[in-house]
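Here is a short briefing on one protein chain.

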Amino acid sequence: MAPKAKPKPSATPAVSIEDLFTTLDRHIQRSEYEQAVKVADQVLSVAPGDEDAIQCKIVSLIKADNIDAALSTIVACSNKFPLDFGFFKAYCLYRQNKLDEAVESLKGLEKDSAAMLLESQILFRQGKMDASVDIYQKLQKSKIESLEINLVAGLVSAGRASEVQGVMDAMRVKATSTFELAYNAACALIERNKYSDAEQLLLSARRIGQETLMDENLADDEIEIELAPIAVQLAYVQQLFGNKQEAMGSYADLIKRKLADEPSNAVAINNLIALRGPKDISDGLRKLDSLIEKSNGDQSFQLVPVLELKLSQKQKEAIYINRMLLLLHSNKIDQARVLADALPNMFPNSVMPILLQAAVFVRENKAGKAEELLGKYAEKLPSDKSKIVLLARAQIAAAAGHPQIASESLLKIPDIQHMPATVATLVSLKERAGDVDGASVVLDSAVKYWSNAMTEESKLSVIMQEAAAFKLKHGQKEEASKLFEELVKSHHSIDALVGLIQTAAYTDVEKAETYEKQLKPLPGLKYVDVNALEKTSGAKHVENGPQLGNAEPHETKSKEKAKKKRKRKPRYPKGFDPANPGPAPDPERWLPKRERSSFRPKRKDKRTAQIRGSQGAVAKEAANTVNTKSSQPSNAKGSSSSAAAAQPKPSSKSSRKKGRH
């Protein structure tokens with residue numbers, strides 16, 4: 001009998017696309033993104049070009065932080081299907097910190113609110129704060145969640161903290177509406193030097209944050225990690241208050257407990273090192289090196305990926321600057337030079353890398369190279385940004401003994417050109433360089449500037465006084481006389497009047513006599529014999545000396561009166577009766593005993609033999625000495641000497657040996 005044929009297995013019923021999308025939606029709602037990706041692949045296996053399925057897959061991969069897979073999916077689908085996922089591609093590139101490529105990907109897209117928001121975030125990370133804020137302000141009418149938080153953060157980062165309160169009033173939001181907004185508003189107050197208000201707002205932000213996160217059922221450790229930026233900022237406020245020990249304790253506690261997110265931990269490490277200064281250099285370098293990604297032999301520098309994404313350019317620069325300073329303090333010049341050469345490419349819009357390069361040259365005793373570097377760099381910058389570079393160049397040149405280069409650098413800074421401190425420095429540098437005429441020109445320019453300046457705090461009197469004194473010192477008496485005369489007429493200065501009389505006495509005696517009458521007569525001085533005064537050697541300054549009295553005409557004294565010593569009443573010890581003093585005290589009572597006449601040195605006893613040798617030999621020799629001396633008559637002194645020889649005091653070495661036995 002033939003075997004029965006096996007029944008064919010029934011085919012599994014095909015799942016409809018509608019059911020797959022229902023399952024896909026359920027996984028997305030539950031934040032089960034890995035399962036959502038698998039279901040999306042099932043949909044694509046049935047309908048390969050389904051745009052919704054591709055979009056769900058890309059979004060799920062992004063939500064699962066699988067950015068590389070999301071970007072690969074975008075590229076693959078763009079090559080196979082005529083689909084445009086430019087926005088998602090730009091976002092993935094933004095997450096990978098490929099900011100220039102992200103901006104290129106956004107070009108050509110429709111400027112809707114999502115694209116504008118992403119562009120503003122890219123510009124913020126690039127350090128283009130003003131452009132980022134402009135986009136945020138255009139989005140104010142759009143109903144975007146947490147827009148005010150990002151806008152306030154952008155204003156603070158752009159150096160426009162004074163606009164924060166007005167923006168919040170226009171948007172009708174309070175600083176305490178969320179703990180994130182309270183934190184950003186407190187940062188704005190710090191930028192405006194309102195530290196007390198900032199501290200109170202930060203404390204409110206911490207309280208609101210604790211209440212909000214507890215309602216979300218977060219664990220205590222998770223809450224502390226979320227609020228770590230507030231804790232770091234509170235410590236920074238204490239640092240600004242001058243409470244360095246308290247701030248250092250807060251930073252160290254946050255670092256030790258490891259309950260802060262990576263960016264907050266990096267900021268705490270950087271601020272702690274800044275407070276310590278050159279102390280604990282090795283520990284500071286070790287902490288900063290933990291923030292830097294280890295390079296594979298090349299000289300590139302990059303922070304660990306999390307910090308590269310989360311920290312601003314300003315914060316990254318502060319970390320590298322502190323590391324550079326620690327290397328200089330520890331005399332690791334080679335490492336400092338390598339880092340200094342890399343910093344200009346890392347932060348092209350900052351002047352600090354150039355200043356650090358100059359600092360390395362100075363530490364290598366190459367001041368000339370530092371001056372040349374700063375001079376070339378200052379020429380490329382606008383006048384408002386070249387000030388700090390020129391000031392550094394002037395300081396280096398002055399310390400290196402190059403006064404001409406230092407004065408040239410200061411003369412290129414227009415806004416401080418005529419300030420008294422700058423004028424004094426320039427005059428001193430010109431004098432050191434032997435350029436007296438140049439110093440005089442600087443003073444004349446300053447006098448002209450302050451004569452035409454319409455300011456309440458005019459420095460004209462100070463500048464004119466110093467200019468006149470300088471010209472008088474260098475023989476320019478006529479010009480000095482004019483300055484003194486103008487100063488007397490405009491400010492009625494007694495010092496200028498004295499200077500005018502002294503100066504005019506060389507050029508115009510009548511003018512000097514005319515102005516001399518304006519001087520007030522000295523009290524008690526009626527007449528001075530000029531002829532007799534010229535024969536003297538001049539007046540001597542005596543501190544707290546007597547005032548001038550009436551002087552008789554034509555009287556000179558050749559002999560000085562002998563100074564009378566004031567007799568003081570003798571002071572006696574307590575209980576001493578001068579009427580019955582008793583026996584006179586020993587006149588040598590204050591001398592050391594060895595210097596007194598009654599001192600007799602002790603005679604050295606040479607009869608005691610010097611004992612040497614081993615311990616047994618000492619005992620035997622001592623015994624023989626005792627037996628020999630006992631048969632002879634001896635006095636008390638001899639007996640005591642023998643006894644001392646018979647019983648020597650054991651040394652510490654012998655005591656240790658006995659102890660070991």
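Buried means under 20% relative accessible area, exposed means over 50%, and partly exposed lies in between, with a 1.4 Å probe and protein chains only. Tyr195 has a relative accessible area of 21%, so Tyr195 is partly exposed. The model is predicted: local features need pLDDT of at least 70, side-chain atom pairs count only at pLDDT 80 or more, and totals for chains, interfaces and linings use all residues. Residues are numbered from 1 along each chain as its sequence is written, and side-chain values use heavy atoms, leaving out hydrogens and water.

**Overall make-up**

- The protein chain has 34 helices and zero strands. Both are DSSP runs numbered from the N terminus: helices are H or I with at least four residues, strands are E with at least two.
- Of the 661 residues in the protein chain, 33% are buried.
- Contact means heavy atoms within 4.5 Å. Among contacts between residues at least 6 apart in sequence, 48% join residues at least 24 apart.

**Helix 22 and helix 23**

- The axes of helix 22 (residues 367–380) and helix 23 (residues 387–399) come within 9 Å and cross at roughly 160 degrees. Axes are lines fitted to C-alpha atoms, for helices over the stretch in contact, and angles run from 0 to 180 degrees between N-to-C directions.
- Helix 22 and helix 23 are therefore roughly antiparallel. Angles under 35 degrees count as roughly parallel, over 145 as roughly antiparallel, 65 to 115 as roughly perpendicular and the rest as oblique.
- The crossing of helix 22 with helix 23 is left-handed. That term applies if the near helix is turned anticlockwise from the far one by less than a right angle; clockwise is right-handed.
- Helix 22 contributes Ala367, Ala370, Glu371, Leu374, Gly375, Tyr377 and Ala378 to the contact. Helix 23 contributes Val389, Leu390, Ala392, Arg393, Ile396 and Ala397.
- The residues of this contact comprise 10 nonpolar, one polar and two charged. Ala, Val, Leu, Ile, Met, Phe, Trp, Tyr, Cys and Pro count as nonpolar, Asp, Glu, Lys and Arg as charged, and the others, Gly among them, as polar.

**Helix 1 and helix 3**

- Helix 1 (residues 17–29) and helix 3 (residues 51–63) have axes that come within 12 Å and cross at roughly 20 degrees. That makes helix 1 roughly parallel to helix 3.
- Their crossing is left-handed.
- Phe21, Leu24 and Ile28 of helix 1 meet Asp52, Ala53, Cys56 and Ser60 of helix 3. Five of the contact residues are nonpolar, one is polar and one is charged.

**Aromatic pairs**

- Rings of Phe, Tyr and Trp (its six-membered ring) pair if their centres lie within 6.5 Å; planes under 30 degrees apart count as stacked, over 60 as edge-to-face and the rest as tilted. By this rule there are six aromatic pairs.
- Phe87 and Phe88 have ring centres 5.8 Å apart and planes at 75 degrees, so the pair is edge-to-face. Phe87 is partly exposed at 29%, whereas Phe88 is buried at 16%.
- Tyr195 and Phe241 are edge-to-face because their planes stand at 85 degrees, with centres 6.1 Å apart. Tyr195 lies in helix 12 (residues 195–215) and Phe241 in helix 14 (residues 228–241), so the pair ties together parts 46 residues apart in sequence.
- Phe241 is partly exposed, at 34% relative accessibility.
- Phe85, Phe87 and Phe88 form a cluster linked by ring pairs.

**Ser409**

- Ser409 sits in helix 24 (residues 403–411). Its relative accessible area is 0%, so Ser409 is buried.
- Not counting residues up to four places away in sequence, Ser409 touches Leu390, Arg393 and Ala394.
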